[in-house]
Amino acid sequence: MAKGLQGFSWTMLLLFCAIQDLGAWAMHTAVEGPGLGQPGDPTLLASGRVKRGWVWNQFFVVEEYTGTEPLYVGKIHSDSDEGDGSIKYTISGEGAGTIFLIDEITGDIHATERLDREQKTFYTLRAQARDRQTDQLLEPESEFIIKVQDINDSEPRFLEGPYIGSVAELSPIGTSVMQVMASDADDPTYGSSARVVYSVLEGEQHFTVDSKTGVIRTAVADLDRETQDRYEVVIRATDMAGQLGGLSGSTTVTIVITDVNDNPPRFPQKMYQFSIVETAPVGTAIGRVKAEDSDVGENTDMTYQVKDEEGVEMFKVTTDSNTQEAVITVQKPLDYESKKVHTVVVEALNKFVDPRFVDLGTFRDQTIVRVSVLDVDEPPEFRPPSNLMEVQEDVHVGSVVGVVTALDPDTANHPVRYAIDRSTDAERIFDIDANTGAIVTGKILDRETAGWHNITVLAMEADNHSQVSRASLRIRILDVNDNPPELATPYEAAVCEDAKPGQLIQTISVVDRDEPQSGHRFYFTLAPEATNNHHFSLLDIKDNTAAVHTQRMGFNRQEQDVYLLPILVVDSGPPALSSTGTLTIRICGCDSNGAIQSCNSTAYVVSATLSPGALIALLVCVLILVVLVLLILTLKRHHKSHLTSEDDEDMRDNVIKYNDEGGGEQDTEAYDMSALRSLYDFSEIKGGDGGGGLGDGGLSGNPASELHALPQWVQSPDLDFSVFRDYICKKVEQADEDLSVPPYDSFQTYAFEGSDSPVPSLSSINTWSSGSEQDFSYLGGWGPRFRQLAALYAGRRGEEDSEES
């Protein structure tokens, strides 16, 4: 409620009905605020008068009221109510107007419906006091609570059922099985309505339950799954702590008894009988036996084994993992004539044995299996089963290689006939006697053609050819020395003309198609026709090879370039066979290091074959050379066409420009000098004595001598050309010191004339002097770049002087 309220206060009265613990009405008064008015409270006035406000008690209503009249809950009343009906009481909130009704005049509250605390424990409402005439609030609205009082109307319930638990058989007393829990919807804070205890209704002779926790335990130690594999136990839960009048609920718990390996395997029979024909192949199943085990799951897994020695040798027992049966199979061929009945002891034992139950007895069992062998008509059998024969390759046709023998294993012992399977001897190299089984040669044998023969021999009953046996026979052809040794290859050797005596030329080896048992041993010597040979010698190295050496100093291939050396090779026999091979020796020219240069005026090929890599490298080199040659030819052709085009231009002062890159001073063939020389090759020269004309003698006498003439003017002694000389020398010096200049000669034109020139022209057309009068010694002072040019014309000048003399 709000503070500072003036003028009025309320009083609320609570009537308790049908409350077990109280059994009477109770009323409490409260003042504004959450607590009760106490002495010293500021709400108490100095005069002792209480400040007016709500006066109320907490409301309670019992649940599950079954009366026919509305249940009186309580009453609200204001101190200002004088009982004249001028005040109207109203309520609002949870259940107001439906569950709870109020008398507007008296303030009495009634419950019109049956309440259930398990569904809702309390209701929150608000009370108002209004003036009936003006409908104005006389007091501030106040909130109050109506609590539903609990009664023991809900029984305990097992909400997690159905319950299924398990416990191993033969578990000791008190072994925990599982836990069950029941819940009670009643108020656990009020009385004992929700206090639950547990008990066993059914199955108490085998199981117990803890009254407080609900844990189920075994009551006996001899639970046997093979006797009973599950139990239905009824557990009851009672509230009110089990007191008289308490409600109860029950549930059924299914307890499954799990298996332990407490039972050994047992054969239902002590003897089993089976039969099988004697021709049954190894691995054939004879029959199955099974030992029973009362356990389940992996506790029934078992293994079987044969216990007696005879059975272990003839038969094998395996376990079928799906059916847990023992499968008995044939391990060795059976023979009716040798033994008609076999007795086998088979033992079964558990695979997983629980050590806790070893004292119960041995977990294994045995039984006897009798196997009867049935007689059948069998084909003949080869005896002994040897499959290898040997014969020499030089035997005559019809010679006996060996004898095969087959017998009828049956009691009747029928006669046997023999034959060769011709699919294995299509060429009929061998034959066989049908009655005796003797194998003879049908053709001439040759070990070098076929050293082994594999044939199949048939043996059958004389009166029943369907009973056939087959035997594979390997015949080895033994070697006879019937092939002479031969040189391993047609040997060719090369020797230098300046070879020294004792020089190794060639090592000789041989091949022999024969294969003597003691191994090959070959002997080498020169053939009789080479006894007069004084050029070469043959040395037997004693390891089936021989070495050829030179026997004299030097050879002359002009006299004889090829020598044929016959070599005789003999084997060790018997009988000893021989053959003659020829070694071809070529005389070749060699360099100082002994490397062969040429043989028979042609290049000597050291290796007859080249590797693919070397061949590719050689082709690449040839291709590069071809490209370089084509490039040089193209450049020269381009240079010639360039000179021809420039010849057609206006050649002033006979200045020739050439842009062909040279190779330096020593290169005299990088460019064509004829272009320079042709300018001064005149067929006829005319001139006068002065005025710059040519003399009569001129060049007409020897046109060839004019070919290298350079134009030169006559220098007057009183003229000073120091300015030109200094300028040119400076330029020449700069060109010599410049390292970036390419190494080729170049002609530079200088346009500086100086102050005045007494010479009218530098042209060779107006020169007065003839080629014979020119002096080229000044070219030597032009520096290293013109040294080659100076040497060229200086030499030409010497030739002209000699001709004139």
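Which kind of interaction do the side chains of aspartate 320 and arginine 288 form?

Author: The model is a predicted one. In it, the side chains of aspartate 320 and arginine 288 form a salt bridge, with an N to O distance of 2.9 Å. Aspartate 320 belongs to strand E19 and arginine 288 to strand E17, and the pair links parts of the chain that are 32 residues apart. The two partners may be described by their accessibility. Aspartate 320 has a relative accessible area of 18% and is buried, because the limit for that class is under 20%. Arginine 288, at 42%, is partly exposed.

The largest nonpolar core contains 24 residues, and Phe267, Ile286, Tyr304, Phe315, Val346 and Val369 have the most contacts inside it. Strands E17 (285-289) and E19 (315-320) are among those that each supply at least two residues of this core, and so are E16 (271-277), E18 (302-306), E20 (325-330), E21 (341-350) and E22 (364-374). Phenylalanine 315 shows how such a residue is surrounded: beyond its neighbours within four places in sequence, it is in contact with Ile286, Val306, Ile328, Thr329, Val330, Gln331, Leu334, His342, Val344 and Val371. Apart from this core lies another, of 23 residues, including Ala493, Ile567, Val569 and Ile587.

Leaving out residues up to four places away in sequence, valine 260 touches Ala168, Glu169, Asp295, Asn299, Arg356 and Phe357. Glycine 297 is 37 residues from valine 260 in sequence, while their C-alpha atoms are 9.4 Å apart in space.

The salt bridge with which we began can now be set beside others, for the structure holds 25 salt bridges. One of them joins aspartate 108 and lysine 75, whose closest N and O atoms are 3.2 Å apart. This pair also links distant parts of the chain, with aspartate 108 in strand E6 (residues 108-111) and lysine 75 in strand E3 (residues 71-78), 33 residues apart. Aspartate 108 is buried, with a relative accessible area of 18%.

Another salt bridge is formed by the side chains of glutamate 390 and arginine 476, at 3.7 Å from N to O. Since glutamate 390 lies in strand E24 (residues 388-392) and arginine 476 in strand E31 (residues 464-478), the pair ties together parts that are 86 residues apart in sequence. Glutamate 390 is partly exposed, with a relative accessible area of 41%, and arginine 476 counts as partly exposed at 37%. Salt bridges with shared partners also join Arg447, Glu448, Asp479 and Glu515 into one network.

Finally, the whole chain provides the setting. The protein chain has 5 helices and 41 strands. Of its 805 residues, 35% count as buried. Among contacts with a separation of 6 or more, 67% are between residues 24 or more positions apart. The chain exposes about 47100 Å², of which carbon and sulfur atoms supply 52%.

Conventions
Residues are numbered from 1 along each chain as its sequence is written. This is a predicted model: local features need pLDDT of at least 70, side-chain atom pairs count only at pLDDT 80 or more; totals for chains, interfaces and linings use all residues. Side-chain values use heavy atoms; hydrogens and water are left out. A nonpolar core is a set of buried Ala, Val, Leu, Ile, Met, Phe, Trp, Tyr and Cys residues joined through side-chain atoms within 4.5 Å. Buried means under 20% relative accessible area, exposed over 50%, partly exposed in between (1.4 Å probe, protein chains only). Helices (H or I, at least four residues) and strands (E, at least two) are DSSP runs, numbered from the N terminus. Contact means heavy atoms within 4.5 Å. Accessible areas come from the Shrake-Rupley method with a 1.4 Å probe; for residues, only the protein chains shown count as cover. A salt bridge is a side-chain nitrogen of Lys or Arg within 4 Å of a carboxyl oxygen of Asp or Glu.
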